[in-house]
Amino acid sequence: VYNVEEKWLRFCIESVLGQIYEKWEFCIADDASPSPHIRQILEEYAAKDTRIKVVFRKENGHISAASNSALEIATGEFCVLLDHDDELSPDALFYVVKELSEFPETSFIYSDEDLIDINGKRFAPKFKPDFSRDLMYSLNLITHLSAYRTEILRKIGGFRIGAEGSQDYDLALRVIEEI
């Protein structure tokens, strides 16, 4: 999280709280946001729900460092990436867990995605194909929603500092090489 508008941060957090699959932990790293409402909102939600874990970084390190701070406090078997202005559909985590139940050897999952306008209308859907290594080397096929086995993220060193702007793509490329 970094300096996001209150409205979008609340939508993001509420979308996690509204999941029909309820066995999750939400690890949030505030990247030293200068706006005081960020800390207030994060502390409010963490006080409401013990599944929400927050770390407040002392200095801004940008998205890779902040993501690594959230990864450090994660205890789950899988990590699902979520930006501070993203929203999950209520069944998003259910379908991740369903896939893992059917294919327990899975280490990496990605999904289709939509954009949502300021009125809540979905647009620009991205329907993604089955995995293709060649396609993956050609473009960032993954983006969000993506889920990774936590032990693999830690083994590869998490998000690479200096890859900001393409940190998710860099991470996915290093994960597929590991698996």
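Below are my entries, grouped by topic.

**Ground rules**

I am working with a predicted model, where local features need pLDDT of at least 70, side-chain atom pairs count only at pLDDT 80 or more, and totals for chains, interfaces and linings use all residues. I count residues from 1 along each chain as its sequence is written, and the side-chain values use heavy atoms, with hydrogens and water left out.

I started with strand 1, which covers residues 26-30. Helices (H or I, at least four residues) and strands (E, at least two) are DSSP runs, numbered from the N terminus. Is strand 1 mostly covered or mostly open? I found it mostly covered, with five of its five residues buried. Buried means under 20% relative accessible area, exposed means over 50%, and partly exposed is in between (1.4 Å probe, protein chains only).

I then checked which way the side chains point. In a regular strand they alternate between the two faces of the sheet. Here Phe26, Ile28 and Asp30 point one way from strand 1, while Cys27 and Ala29 point the other way.

Next I looked up the partner of strand 1. Strand 2 (residues 52-56) pairs with strand 1 in the parallel sense over five bridges; two strands pair if DSSP finds at least two bridges between them. I noted Lys53 in strand 2 as the bridge partner of Cys27. To get from strand 1 to strand 2, the chain passes through helix 2 (residues 36-48), and this β-α-β crossover is right-handed. That term applies if, with the strands pointing away from the viewer, the path from the first strand over the helix to the second runs clockwise.

**Aromatic rings**

I looked for ring pairs next. Rings of Phe, Tyr and Trp (its six-membered ring) pair if their centres lie within 6.5 Å; planes under 30 degrees apart count as stacked, over 60 as edge-to-face and the rest as tilted. How many aromatic pairs are there by this rule? The count comes to four.

Why is the pair of Trp8 and Phe11 called tilted? The ring centres are 5.7 Å apart and the planes stand at 50°, so the pair is tilted. Both residues belong to helix 1 (residues 6-17), where they are three residues apart, about one turn of the helix. Trp8 is partly exposed at 22% relative accessible area, and Phe11 is partly exposed at 36%.

Phe108 and Tyr110 make another tilted pair, because their ring centres are 6.1 Å apart and their planes are at 40°. I found Phe108 buried at 12% and Tyr110 buried at 19%.

A charge sits over a ring if NZ of Lys or CZ of Arg is within 6 Å of the ring centre and within 35 degrees of the ring normal. The charged end of Arg39 sits over the ring of Phe56, 3.8 Å from its centre. Arg51 lies over the face of Trp24, at 3.8 Å from the ring centre.

I picked Glu113 in strand 5 (residues 113-116). Glu113 counts as buried because its relative accessibility is 15%. Which side chain does Glu113 join through a polar contact of 2.9 Å? I found Lys128 there. A polar contact is a pair of N or O atoms within 3.5 Å; within protein, one must be able to donate a hydrogen and the other to accept it, and residues adjacent in sequence count only if both atoms are side-chain atoms.

His144 is among the residues that Glu113 touches; contact means heavy atoms within 4.5 Å. His144 lies in the loop between helix 5 (133-138) and strand 7 (146-149), and is buried at 12%. The side chain of His144 makes a polar contact of 2.7 Å with the side chain of Asp86.

**The hairpin**

Last, I followed strand 5 to its partner. Strand 5 and strand 6 (residues 122-126) pair in the antiparallel sense over three bridges, and Leu115 stands opposite Phe123 in strand 6. Their hairpin has five residues between the strands, and Gly120 takes a positive phi near 85°.

Key: Lists of a residue's contacts leave out its neighbours within four places in sequence.
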